[in-house]
Amino acid sequence: MLYVAQFINALQLGSIYALIALGYSMVYGIIKLLNFAHGDVIMVGGYVAIFALAAGFHPVVAVILVILGCTALAIIMEKLAYTPLRTAPRISVLITAIGISLLLQNLAQLFFGARPQPIHIPFPTGSISIGAVSIAYPMIITIGVAVLSMVALNYIVQGTKLGKAMRAVSEDTQAAQLMGINVNSIITFTFAVGAALAGIGAILFFVRFPVVTPTVGAMLGLKAFIAAVLGGIGSIPGAMLGGFAIGFLEVIVNAVGLSRWTDGAVFLVLIIILLVRPAGLVGKPMIEKV
Amino acid sequence: MKKRSIIALVLALMMCVALVAACGETPPAGPTGPTDPTAGGTTNGTDASGEEVTEVHIGLLGPWTGGAAYFGVSVRNGALLYIENFNAQGGLQIRVTDRDEEGDSARAVTMYHDLVDAGVTAIIGSVTSGPTMAVVPEAFADGMPMISGTATHAGVTVNQDTGEVFTNMFRSCFIDPFQGVKMAEFAHEILSARTAAVLYAHDIDYSIGLMQAFVDRAAEIGLEVIHIETFADEAPDFTAQLTNIAAANPDVVFIPVYNRHTALIGPQSAAAGVTATMLGADGWAGTLDAIADPSTVEGAFYLTGFTYESEEQHIIDFIERFEAQYGIMPNMFAAQAYDAAAILIRAIEGAIAAGLTPGTDEFKQATIANMAATDIEGVTGRITFDRYNNPQKTAFILQIIDGEARFWGTF
């Protein structure tokens, strides 16, 4: 029974990581940028939720506002910071991403203060019992929403014209441009989709961890990044797999009483994967043509 | 509370003590001579020859400025309120000389000697553990009665190297592990719990100390601790640990952490299906401000050193008088200092009743002996002392009901 309960725990945590890892992976896949500000988008989503709920919006409206807010933030970020650097060396863009991450954290601290703020997203409470195992509704909803989002993403990427364009840009930007694809708007669209997933992830995250601080996105983003690398950065199924793997790893380490090693275990996995299989679990090793 | 900084302070002060001891040994503490004449000279009230003692001179030591000033000023307000009220009754008058040690251990030692030179018979102070521990060995050598309202470190009353008790030093506050003992007894006696689980932070000294004390006391009284889980201070995810606790299904779960943790533990324990009664310590104060959904900690009990919610008349009186005097509500530190002053002055009255002259060694010894035998109903609970001069107090228990921390009673 305990194992089933812990399994559900891991599944819930894993689906949150997976949703966030998708944003990392998609952006990397298309412009080879590690968007380190991605975790902070979730933090902003948390503050949007607090204000939307405090302003008296219906919870469903608040959720939509969070997703829209995250998406808008990502588009602004992309237009202001990354578009001007499209032809710059990748290291410059990477450093810019770190800069934006710090900027967002410090702006949040300036405007909202460093004090942790409670956030209460009205979610159905209670639980259903299957045999001797009781599963709380938020867990089921989290897992369900995450799976639905991933199915929807898969459809967008594989089944629509936009998705086809995204894959084309990811494969060869210049060739895609020659074929008449507007590369800039496809990149912006990719950022927007990644951020919308992060917005959904933010809601699910703050249901489970109902406290917002200006730095809440830092560790979360880092772990999602590791999940993306573990799965194979740039690969959408890889990000999902990596997210669930990290979720299971954390819950197992905590459950066997080694909680002081939780973060250590996650980073150890990063080191091992980089040493043993740098392309990730499902990534194809890239052959550099000279 | 802030253990890391306290430890840093302790280390720093150890260096300072070593320095001060090394350089300071020769001039002041040659023989124990200085104490007698100066003290005898300044406490000019009376002789022991039948005349009535009208005045006793005591010292008040603490950080009125500097980083610990918040605590220092609270303590001074609390102690002076008691003394002014006492003096207003007429009869014996308590004269107070106060010295600012600025939160600095070396300065605290200097200020202590300054007070000795001024001829005080006893001292209330100091406030934080570091400076207090710098002063205590000197005061112990001088046989100076001392009481602190707020210094929580175990080393304040017991020499940590030799295990020797500083018999002259008392305090009116809880030491940290005492809270763990209290909650184990509360679970066993009041809640009739048979089994308990513990969830604590493995990288916070406060949390470790309380956990250990709870587990040790539980073993003594027959409360079975069936499960212990830990987490790291900065980690937000306790779900796996709480799921294990839910599976172990204890009667109570002791969670000796700060409110930044309880804000996360409450909702997650509800989701994990923990049904055990939650128990906490003074770190739980402020939980209801930090938590998003108070219903997730409904029914939890936690302990505090002082509460506004008490219905006992002498506590209500104290709060009213304090507010009238200073325009603010008393905090826990002020209340504990008020009790420290009460304990000391009661002991001094006893020494006077025995016909001794303030300032003499006999008077100080009698004051110390009277303090050790203390049994008073203070504003922070009923206080007696154990053989380490740490208070055996009744604690105030609060319970969270309908999203409010309600006063459950004293224990």
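This is a predicted model: local features need pLDDT of at least 70, side-chain atom pairs count only at pLDDT 80 or more; totals for chains, interfaces and linings use all residues.
A residue counts as buried if 20 or more other C-beta atoms lie within 10 Å of its own. B:Leu223 has 25 C-beta neighbours inside 10 Å, so B:Leu223 counts as buried. Its place is in the loop between α7 and β7 (224-231) of chain B.

What surrounds this leucine? Leaving out residues up to four places away in sequence, B:Leu223 touches B:Ala184, B:Ala187, B:His188, B:Ala193, B:Ala196 and B:Ala218. B:Gly103 is another matter. B:Leu223 and B:Gly103 are 120 residues apart in sequence, and their C-alpha atoms are 41 Å apart in space.

Step back now to helix α7 of chain B. This helix covers residues 205-221. The buried residues of α7(B) are B:Tyr206, B:Ser207, B:Gly209, B:Leu210, B:Met211, B:Ala213, B:Phe214, B:Arg217 and B:Ala218. One of them, B:Ala218, is also touched by B:Leu223. After the helix comes B:Gly222, with a positive phi near 85°.

Now take chain B as a whole. Chain B has 13 helices and 15 strands. Of its 411 residues, 54% are buried. Consider the contacts in chain B between residues at least 6 apart in sequence. Among these, 71% join residues at least 24 apart.

One sheet of chain B is worth a visit. Three strands form an open sheet in the order β11-β12-β13, with antiparallel pairing. Strands β11 (376-378) and β13 stand at the edges. Each has a single partner strand, so one side of each is left without a neighbour in the sheet. Neighbouring strands of this sheet are turned by 40° against each other on average, direction ignored. Three bridges join β12(B) to β13(B). In β13(B), B:Pro391 is the bridge partner of B:Phe385. Helix α12 of chain B, residues 332-353, packs on the sheet. The helix touches β11 and β12 of chain B, and its direction makes about 155° with that of β11(B).

Several loops of chain B hold backbone details. B:Asn389 lies in the loop between β12 (381-385) and β13 (391-393). B:Asn389 has a positive phi of about 60°, although it is not a glycine. B:Asp402 also has a positive phi, about 50°, and is not a glycine. B:Asp402 is found in the loop between β14 (396-401) and β15 (404-410) of chain B.

B:Asp402 has 8 C-beta neighbours inside 10 Å, so B:Asp402 counts as exposed.

The bond joins B:Gly125 and B:Ser126, with omega about -10°. B:Ser126 lies in the loop between β3 (122-124) and α5 (129-142) of chain B.

Move across to chain A. Helix α3 of chain A, residues 59-82, has 24 residues. From its first C-alpha to its last, α3(A) reaches 33 Å, close to the 34 Å expected at 1.5 Å a residue. Its buried residues include A:Ala62, A:Val66, A:Leu73 and A:Tyr82. The buried residues of α3(A) pack against α2 (38-54), α4 (90-112) and α8 (183-208) of chain A.

The axes of α5(A) and α6(A), the latter spanning residues 161-171, come within 5 Å and cross at roughly 75°. That makes α5(A) roughly perpendicular to α6(A). From α5(A), the contact takes A:Ile156, A:Val157, A:Gln158 and A:Gly159. From α6(A), it takes A:Leu162, A:Gly163, A:Met166 and A:Arg167. These residues divide into four nonpolar, three polar and one charged.

Last comes the meeting of the chains. How many residues does each chain give to the contact? Chain A gives 26 residues and chain B gives 24 residues. On the side of chain A, the elements that give two or more residues are α1 (2-31), β3 (133-136), α5 (137-159) and α10 (236-255). The largest share, five residues, comes from α1(A). The residues of this side divide into 15 nonpolar, nine polar and two charged.

Key. Residues are numbered from 1 along each chain as its sequence is written. Chains are lettered from A and ligands numbered from 1 in the order in which they are written. Helices (H or I, at least four residues) and strands (E, at least two) are DSSP runs, numbered from the N terminus. The expected span of a helix is 1.5 Å times one less than its number of residues. A residue is buried if 20 or more other C-beta atoms lie within 10 Å of its own, exposed if 12 or fewer, and partly exposed in between; C-beta atoms are placed from the backbone. Two residues are in contact if their C-beta atoms, placed from the backbone, lie within 7 Å. Ala, Val, Leu, Ile, Met, Phe, Trp, Tyr, Cys and Pro count as nonpolar, Asp, Glu, Lys and Arg as charged, and the others, Gly among them, as polar. Two strands pair if DSSP finds at least two bridges between them. Axes are lines fitted to C-alpha atoms, for helices over the stretch in contact, and angles run from 0 to 180 degrees between N-to-C directions. Angles under 35 degrees count as roughly parallel, over 145 as roughly antiparallel, 65 to 115 as roughly perpendicular and the rest as oblique.
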